[in-house]
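Let us walk through this structure together, from the whole chain down to a few individual residues. Have your viewer ready.

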Amino acid sequence: MAVSGSMVGAARAGLAGLDELRRFQGRMLDRLGFGPQQWPSRVLVETPAMRVRSYPADGSRPPVLLVAAPIKRAYIWDLTPEASTVRRVAGAGFAVHLLEWRDREPADADQGLEAYADLLLGQAVEAVHRAAGHAPVLVGHSLGGTLAAVFAAAHPVRVRGLVLLEAPLHFGADAGAFAPLVAASPDLRPLQPALGLVPGSLLDLATVVAAPREFLIERHLDLLSTLGRPPGRLHLRVVRWTLDEFALPAGLFIDIVEDLYRGDALMRGELTVAGRRLGPDALAVPLLTVADPHSTAIPARSILPFHHAAASPDKKLLHYRGDHGVALQHVGVLIGANAQNALWPQILEWIHHLPGR
């Protein structure tokens with residue numbers, strides 16, 4: 001059945017109501033004391049689409065720019081003093097910066113993958129480079145890692161190194177639980193004028209439908225396993241974060257679905273950004289990749305083929321096998337105790353030995 005503009009409009013109205021309910025639930029969790037406990041920062045650069053936060057460092061090591069996924073708030077990188085990638089990186093002596101994506105207006109609905117992965121991320125990279133005097137190392141999680149990989153492939157001289165944390169790079173049939181959902185959906189490009197801003201609740205529903213084990217069943221099992229213990233509080237803070245989505249421009253949403261997930265353009269070397277056709281052979285900066293072999297949402301087969309095919313002269317692959325008390329295993333790589341104690345020391349050691357640029 002064809003999807004009409006009026007059907008899209010009705011769905012958007014319903015999802016907008018669901019968004020408001022989720023925001024209300026988030027405010028209730030805030031009042032119960034489960035909001036984020038972020039480290040003080042200063043704003044290095046700010047535009048209507050993004051801002052870069054800078055944090056105090058304990059040393060003078062190279063600058064690191066953390067790139068959040070563009071679908072939820074960036075404070076998952078700095079959730080509490082005990083569960084904070086920001087503080088872990090700064091404590092190792094690196095000048096750390098966090099790229100936050102911001103709420104968009106309907107006038108921004110046409111901004112797509114190139115705007116995010118080239119123009120906006122480029123503004124953040126330039127601000128960090130100017131402040132620190134050196135090209136930054138990009139560290140991206142999930143779709144934030146995808147954006148970082150696209151930027152590094154398009155602009156290798158502007159990036160010192162690239163760390164990808166469970167970031168999908170190879171799509172199509174190997175895109176994991178999302179592949180059947182995308183294959184069953186119609187071509188979204190004719191619907192772009194009617195979509196405008198895509199409600200965050202649509203993305204949340206899509207993840208639950210595509211990967212119920214990872215985003216629903218395991219989440220409840222995680223809560224049961226941590227009730228009455230300190231990890232239970234971290235679990236509830238992550239739940240609060242999951243309620244803090246914002247809408248995506250239709251252009252970005254459609255480019256992700258059609259060019260990446262359906263067309264697998266990046267892996268095929270057919271993604272055009274900044275006037276260049278990009279693929280694994282264009283990624284020539286040092287590369288460290290982290291994959292979770294048990295993930296269904298971002299399975300290893302959506303990560304490893306690109307990693308192995310990348311032209312990077314220095315490549316390292318690490319496996320992360322999950323944590324308890326993190327609600328969603330997909331964010332455990334950022335806040336989990338095992339990740340903080342075992343994984344991040346290896347990541348930071350690798351960054352420390354990168355050649356200067």
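This is a predicted model: local features need pLDDT of at least 70, side-chain atom pairs count only at pLDDT 80 or more; totals for chains, interfaces and linings use all residues.

Residues are numbered from 1 along each chain as its sequence is written, and side-chain values use heavy atoms, with hydrogens and water left out.

Now for the overall fold. The chain has 14 helices and 14 strands; these are DSSP runs numbered from the N terminus, with helices being H or I of at least four residues and strands being E of at least two. The C-alpha trace spans about 55 × 55 × 35 Å along its principal axes. The radius of gyration is 19 Å, which agrees with the value near 21 Å that a compact globule of 357 residues would have. That radius is taken over C-alpha atoms, and the globule rule is 2.2 Å times the number of residues to the power 0.38.

How much of the chain is buried? Of the 357 residues, 57% count as buried, where buried means under 20% relative accessible area, exposed over 50%, and partly exposed in between (1.4 Å probe, protein chains only). The chain exposes about 14100 Å², with carbon and sulfur atoms supplying 57% of that area; the areas come from the Shrake-Rupley method with a 1.4 Å probe, and for residues only the protein chains shown count as cover. Among contacts between residues at least 6 apart in sequence, 78% join residues at least 24 apart, contact meaning heavy atoms within 4.5 Å.

D118 sits in helix α3 (residues 113-132). This residue is buried yet has no salt bridge, and R158, the nearest side chain of opposite charge, is 5.5 Å away. A salt bridge here would need a side-chain nitrogen of Lys or Arg within 4 Å of a carboxyl oxygen of Asp or Glu. Beyond its neighbours within four places in sequence, D118 is in contact with L113, F151, H155, V273 and A274.

R22 belongs to helix α1 (residues 5-31) and counts as buried because its relative accessibility is 10%. Leaving aside neighbours within four places in sequence, its contacts include D204 and E245.

Next come some loop residues. S142, between β7 (137-141) and α4 (143-154), has a positive phi of about 55 degrees although it is not a glycine. D264, in the loop between α10 (250-262) and α11 (265-268), also is not a glycine and has a positive phi of about 50 degrees. S142 counts as buried at 11% relative accessibility, and D264 is buried with a relative accessible area of 6%.

Finally, T47 lies in the loop between β1 (42-46) and β2 (50-54) and is buried at 17% relative accessibility. Apart from neighbours within four places in sequence, T47 is in contact with R102 and Q123. T47 and L120 are 73 residues apart in sequence, with their C-alpha atoms 8.7 Å apart in space.

Definitions and conventions:
Lys and Arg count as positive and Asp and Glu as negative; His and the chain ends are not counted.
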